[in-house]
Amino acid sequence: MKKNDEIELEIIDNGINLEGIARAENKVVFVPGAIEGEKVLAKIIKVNSSYCIGKIENIIERSPDRVEPFCSVYKRCGGCSGQHIRYKKQLDIKRELVKNTLAKQKVEYKALDSVIGMGIPLTYRNKAQYPVRKTIEGENKIGFYAKRSHEVIENEECLIQNEEIDKLSKEIFKLLLLKGFSGYNEQNGIGDIRHILIRRGYHTSETMVVIVVNNKELFEDVRMEEIVNILKDNDSIKTIVLNLNSSRTNEILGKEEKIIYGNGYITDFVGKYKYYISSKSFFQVNTVQAEVLYNELKKKLKLKKDDILFDLYSGVGSIGIFLSDSVKKVYGIEIEKQAVKMANMNLKINNVTNAEYIAGSVEDKIVEFEKRSIHPDVIVVDPPRKGLDLESIEYIIKFRPKKIGYVSCNPATFARDLKLLSQYYLVGTITPVDLFPNSEHVECVTVLTLKND
Ligand SMILES: C[S@@+](CC[C@H](N)C(=O)[O-])C[C@H]1O[C@@H](n2cnc3c(N)ncnc32)[C@H](O)[C@@H]1O
């Protein structure tokens, strides 16, 4: 097989980016946009020693699960990867992906549930981060990055974002240009505005606007005050924050911030609990499904009133507070200081008196519990995509909690960590929850129980 060959391929599976997978001449061929069960004519666009990439030229046999994407820029935008697949089939594919990933690590577990999907898998995102760019030709753009590139793809409307967020982003973009600001150019590092980040409480409609600027002088620019004066007429906008990011990296937010309107946070609810959320704090992007996820975790944990629970990677305290009325005491650890500040405020607004949140990394801070002779009955972990580090796993095992609740947004690191923990723990039923419809991502939750020594 060589570049530019055109070959017929039978798609036997879908991969971690929802791309079709075929086999030809003893090689794996990845075919973006193809669905398991289809036969396609593909042009080989990349040949590697172990795999090739094929581009669909023609679909010879269509999957009954192929549907028309609802977004006009779907093929170019990197935001979604599953719009061409019927939602029910997306869920089946995600379950298969989780199953295969667990099998690769030879993880033993009780059962794997079907993926819990959303009723209407649209307009679910409560947070959007729009890059604002100025091309070398001088054109300012707002949109989302193209697949595997930083080209900004503009669109009329994004149907996975909350509609108000999507509308507002365009209004703010126009306003910034009207006031003479320019987008940022990644090639030369010149330009004023790098990103517009908007967060909106699903249940409260409270909206936060974060304008990421490239230059600290813009913190004091009078035009920002003029923008505040216009935007504050919109009742849902509760706070506006300027964030400084002048580094030549892919990070969206920088360290320094200036709150130019409101308190720097908004609120939202998960179940009966209210949460303050600031610009830099993690909060699940799909509020409806976050509640489903936390309820699944709670159901699986079967907590006891005298349990001591550790909420590791605790963000704004979402999980610990959600579980607080079922246990004696919650101790949380979170690396992002702003999130810990929110977590402590969240304890107060929810009248939770049996929890304590500590700022720092799990690796560094978990030892403090040992020093204070605090012994957990239950440890809940909800790490970032890279999963648990070995040091933390060793500590968790050393503490020997009766149960470990594991919430994960990355099946690969989830499977790896379950394998390590299963030396001492039995892995229960794994429930995937679709927090990211129309994308390749999926969240998983399970509870491990200590094996009898
Ligand atoms: C997937 S989020 C989970 C947050 C929270 N449990 C929730 O449900 O909203 C992971 C969190 O871990 C934090 N984090 C990342 N690395 C960390 C570390 N080494 N130690 C402690 N927290 C960390 C992140 O800031 C983020 O808030």
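Analyst: In this predicted model, arginine 86 forms a salt bridge with aspartate 65, and their closest N and O atoms are 3.4 Å apart. Both residues lie in the loop between β6 (51-61) and α1 (87-104), so the pair ties together parts that are 21 residues apart in sequence. Arginine 86 counts as partly exposed, its relative accessibility being 37%.

A second pair lies in helix α1, where aspartate 92 and lysine 88 are four residues apart and thus separated by about one helical turn. Their side chains meet in a salt bridge with an N to O distance of 3.0 Å. Aspartate 92 is partly exposed at a relative accessible area of 35%, whereas lysine 88, at 51%, counts as exposed.

The side chains of aspartate 417 and arginine 416 also meet in a salt bridge, at 3.0 Å from N to O. Here aspartate 417 is buried, with a relative accessible area of 0%, while arginine 416 is partly exposed at 30%. Elsewhere, salt bridges that share partners join Lys272, Lys298 and Asp325 into one network.

These pairs belong to a set of 24 salt bridges found in a search of the whole structure. The area buried between domain 1 and domain 2 is about 520 Å², with carbon and sulfur atoms giving 68% of it.

Notes. Residues numbered from 1 in each chain as written. Predicted model: local features only at pLDDT ≥ 70, side-chain atom pairs only at ≥ 80, totals over all residues. Heavy atoms only, no water. Buried area = accessible area lost by both parts, 1.4 Å probe. Salt bridge = Lys/Arg side-chain N within 4 Å of Asp/Glu carboxyl O. Helix = DSSP H or I, 4+ residues; strand = E, 2+ residues; numbered from the N terminus. Buried < 20%, exposed > 50% of the residue type's maximum accessible area, 1.4 Å probe, protein only.
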